[in-house]
Amino acid sequence: MLADLPAEASWIHATWGGPDGLAASGTAWGAVRRGRLLGLACTHILGSRYEDVAVVAGPGPRGEHVTLACVDALCRDIAGRGHTPSWSCRREDRTQRLLAWQAGFRIARERVHYTIERIARDTAPVRAAVRA
C-alpha cells in the first residue's frame, strides 16, 4: 500500500529507505478504506529525544479527519517510546500548519533554512604541502 503512493508523496518513506523500510519501522499509522490509503502519519526523522512527524493525506473525504486520527495515534506511540513528537513544515504550508495546530502542536520557534543553489565545480581541490 505504501508503494502505491504517488511519486510526489514518496518523500514520506525516503528516510526509511523506501516503503518496506517504513512499514518495518513500526513508526507509521495509516487509515485504510477498501484497500485505499486515506491518510498516513509517520516518524520522518528519528532523533534521540524527538521524533519529527510527517503526514500525507490521500484522496478522499477530508471531513472525516482520518489524517488527524493517524497523527494522534502516532503521537501517543511516540510518547510511549519516551520521545517527544515534533512537527516541521514550511511557513507557507497552511494545510500542514492547520493540521499541526489541530493535533495540539504549538510553534516553539521559527527557523531560517539555508541551501546552496549551486556548487562551483571548476574549483581545484586545496592541497597543503607537508614537510617532514
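Biologist: What makes Arg 76 count as buried or exposed?

Modeller: Arg 76 has a relative accessible area of 60%, and because the scale calls a residue buried under 20%, exposed over 50% and partly exposed in between (1.4 Å probe, protein chains only), Arg 76 is exposed. This is a predicted model, in which local features need pLDDT of at least 70 and side-chain atom pairs count only at pLDDT 80 or more, whereas totals for chains, interfaces and linings use all residues. Residues are numbered from 1 along each chain as its sequence is written, and side-chain values use heavy atoms, with hydrogens and water left out.

Biologist: Why is the pairing of Asp 72 with Arg 76 called a salt bridge?

Modeller: The term requires a side-chain nitrogen of Lys or Arg within 4 Å of a carboxyl oxygen of Asp or Glu, and the closest N and O atoms of Asp 72 and Arg 76 are 3.1 Å apart, so the pair qualifies. Both residues lie in helix α3, four residues apart, about one turn of the helix, where helices (H or I, at least four residues) and strands (E, at least two) are DSSP runs numbered from the N terminus. Asp 72, with a relative accessible area of 38%, is partly exposed.

Biologist: How do you know that Glu 51 is buried or exposed, and what does Glu 51 pair with?

Modeller: Glu 51 has a relative accessible area of 0%, and is therefore buried. Its salt-bridge partner is Arg 81, with the closest N and O atoms 2.8 Å apart. The pair links distant parts of the chain, since Arg 81 is in the loop between α3 and β4 (84-87) and Glu 51 is in strand β3, 30 residues apart. Arg 81 itself is partly exposed at 34%.

Biologist: What makes Glu 51, Asp 77 and Arg 81 one network?

Modeller: Asp 77 also forms a salt bridge with Arg 81, at 3.5 Å between the closest N and O atoms, and Asp 77 counts as partly exposed at 27% relative accessibility. Salt bridges that share partners join Glu 51, Asp 77 and Arg 81.

Biologist: Which residues touch the most other members of the largest nonpolar core?

Modeller: Of its 15 residues, these are Ala 41, Val 53, Val 55, Val 71, Trp 87 and Phe 105. The term covers buried Ala, Val, Leu, Ile, Met, Phe, Trp, Tyr and Cys residues joined through side-chain atoms within 4.5 Å. Helix α3 gives the most to this core, with six residues.
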